[in-house]
Amino acid sequence: MPRHPDRQIERMSQPDAARLLARSRTAVVVAGSVEQHGGHLPLGTDAFAAMSIAERVAERLDTAAVTLGPTGVAHYHLGWPGTLSLRPETLRAVLADVCESLALAGVERILVVNWHEGNSAPLRVAADDVQRRHALRIVIAETHVITHRKHPEEMEFTHAGSMETSAVLAYEPGLVHLERATQASDRGDGETAHGLFRRPDVYPVMADFHVVAPTGWYGRPELANAARAEEIAEEVADHVVERAQEIWQALDATSHGLVDRVGAIDDGSVPR
Ligand SMILES: [Zn+2]
């Protein structure tokens with residue numbers, strides 16, 4: 001099952017979209033970013049990575065993939081012109097407005113497919129606001145984290161390295177140009193600095209990506225290839241659907257008073 005652009009809501013007719021949303025009562029909301037990824041990957045890497053997974057998830061759930069727009073919260077990449085950033089409150093407002101529209105279409109469950117660390121905190125705050133105001137249940141999938149955790153060596157958690165190159169290959173291979181790569185920053189230094197921001201207990205907050213990679217990126221894009229990229233994107237989509245269904249079942253069970261069932265479910269928690 002490769003990509004499914006026909007799952008993008010803006011490509012559907014209104015009657016088709018209305019039918020899918022009302023029947024599934026579920027929508028897949030997509031959050032990405034437009035930010036520098038060196039010379040070999042496009043600015044929209046995170047937006048394309050998120051959409052690639054979201055279309056596959058929407059196909060499995062027989063519903064629509066609904067983008068929040070390609071841009072995310074990426075102010076710490078603005079030192080590289082061409083990068084675009086929303087203020088966190090803008091992303092929160094867009095999520096709230098899109099969710100409200102989906103609620104009017106009969107949607108009760110929103111599965112957010114994100115591929116960008118800068119979006120995670122605003123999305124979580126926005127999801128909390130939306131849940132207080134509408135009868136919607138929101139689940140967030142951090143697909144970059146899932147991809148890395150499934151294949152920690154092969155899918156490196158760098159910036160513009162093998163994992164993100166693979167994600168773009170799974171979306172549109174013609175957008176990858178390894179021959180145009182700019183100077184990579186030191187990989188060991190990048191991993192060490194990036195690791196501080198990803199600590200789950202005591203952590204700093206990213207202000208300028210130069211502290212991780214002075215040239216904007218680090219990693220080994222040359223390790224990625226299109227065939228593996230496709231397999232991995234499929235695997236990640238399966239994982240997202242499986243986890244979301246576990247969560248929906250468990251929460252339905254608890255709302256019916258069967259609290260003890262939750263204890264039996266692996267929480268799959270991930271460090272940020
Ligand atoms: Zn990225």
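In which helix is the place of G195? G195 lies in helix α7, which covers residues 187-197; helices (H or I, at least four residues) and strands (E, at least two) are DSSP runs numbered from the N terminus. The model is predicted, with local features requiring pLDDT of at least 70 and side-chain atom pairs counted only at pLDDT 80 or more, while totals for chains, interfaces and linings use all residues. Residues are numbered from 1 along each chain as its sequence is written.

G195 is exposed, because 12 other C-beta atoms lie within 10 Å. The C-alpha atoms of G195 and V212 are 9.2 Å apart, at a sequence separation of 17 residues.

The protein chain contains 8 helices and 4 strands, in the order α-β-α-β-α-β-α-β-α-α-α-α from the N terminus. Buried residues account for 43% of its 272 residues. The C-alpha atoms occupy a box of roughly 55 × 40 × 35 Å along the principal axes.

Helix α5 (residues 143-150) packs against helix α8 (residues 226-255) at about 115°, with the axes 10 Å apart. Axes are lines fitted to C-alpha atoms, for helices over the stretch in contact, and angles run from 0 to 180 degrees between N-to-C directions. Helix α5 is therefore roughly perpendicular to α8, the class for angles of 65 to 115 degrees. T143, I146, T147 and K150 of α5 meet I232, E235, V236, H239 and V240 of α8, where contact requires C-beta atoms, placed from the backbone, within 7 Å.

How values were computed:
Buried ≥ 20, exposed ≤ 12 C-beta atoms within 10 Å, placed from the backbone. Parallel < 35°, antiparallel > 145°, perpendicular 65-115°, else oblique. Contact = placed C-beta atoms within 7 Å.
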